[in-house]
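Morning, everyone. Let me put the model on the screen and walk you through a few side chains.

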Amino acid sequence: MKSQHEFFTASDVPWTEVGPGISQRMLSSDPADGTLTRIAKWAPGTVSGEDVIQHEYFEEVYLLEGTLTDLTLGKTFEQGDYAARRPGMPHGPYRTGEGCTMLEIRYRTS
């Protein structure tokens, strides 16, 4: 189960690098099952890879700022756009030209 927190200032959580061009503020997580709530920031020009993405958890993503382009769909999403993905749902790969910041929530049902 993800860690429990009462209200706190999310901007006090330090940014940590998690991959080329991607950093995160981890708000709550359970390393044992991969569930998490985080703010992820992609630097301008970041690409998620070349392959379509699929995973075994539910995922919700809300774009807080910037733009994110789905290279398979050829569609660009922007601030205020939201995605809800069931396990196994294909998506991406992604690229951001100007950079973006998103709220991401991952969880399991069992």
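Start with Tyr107. Tyr107 is partly exposed, at a relative accessible area of 32%. Partly exposed lies between buried, under 20% relative accessible area, and exposed, over 50%, with a 1.4 Å probe and protein chains only.

A word on the source. This is a predicted model, where local features need pLDDT of at least 70 and side-chain atom pairs count only at pLDDT 80 or more, while totals for chains, interfaces and linings use all residues. Residues are numbered from 1 along each chain as its sequence is written, and side-chain values use heavy atoms, with hydrogens and water left out.

Now, the rings. How many aromatic pairs does the structure hold? One. Phe58 and Tyr107 are stacked, 5.4 Å centre to centre with 5° between the planes. The cut-offs: ring centres of Phe, Tyr or Trp (its six-membered ring) within 6.5 Å make a pair; planes under 30 degrees apart are stacked, over 60 edge-to-face, the rest tilted. Phe58 sits in strand E4 and Tyr107 in strand E8, 49 residues apart, so this pair links distant parts of the chain. Strands are DSSP runs of at least two residues, numbered from the N terminus. Phe58 also counts as partly exposed, because its relative accessibility is 22%.

Next, the core. The largest nonpolar core has nine residues: Ile22, Ala40, Trp42, Val61, Leu63, Leu68, Tyr94, Cys100 and Met102. Such a core is a set of buried Ala, Val, Leu, Ile, Met, Phe, Trp, Tyr and Cys residues joined through side-chain atoms within 4.5 Å. Which strand gives the largest share? E4, with three residues.

Cys100 touches Ala40, Lys41, Trp42, Glu65, Gly66, Thr67 and Leu68, leaving out residues up to four places away in sequence. Contact here means heavy atoms within 4.5 Å.

Then Ile22, in strand E2, residues 22-30. Ile22 counts as buried because its relative accessibility is 17%. Beyond four places in sequence, Ile22 touches Thr16, Glu17, Lys41, Trp42 and Thr46.

Last stop, His55. His55 is in the loop between E3 and E4. Buried or exposed? Buried, because the relative accessible area of His55 is 9%. Setting aside neighbours within four places, His55 contacts Pro87, Gly88 and His91. A polar atom of the His55 side chain also lies 3.3 Å from the backbone oxygen of Tyr57.

Note on methods: Helices (H or I, at least four residues) and strands (E, at least two) are DSSP runs, numbered from the N terminus. A polar contact is a pair of N or O atoms within 3.5 Å; within protein, one must be able to donate a hydrogen and the other to accept it, and residues adjacent in sequence count only if both atoms are side-chain atoms.
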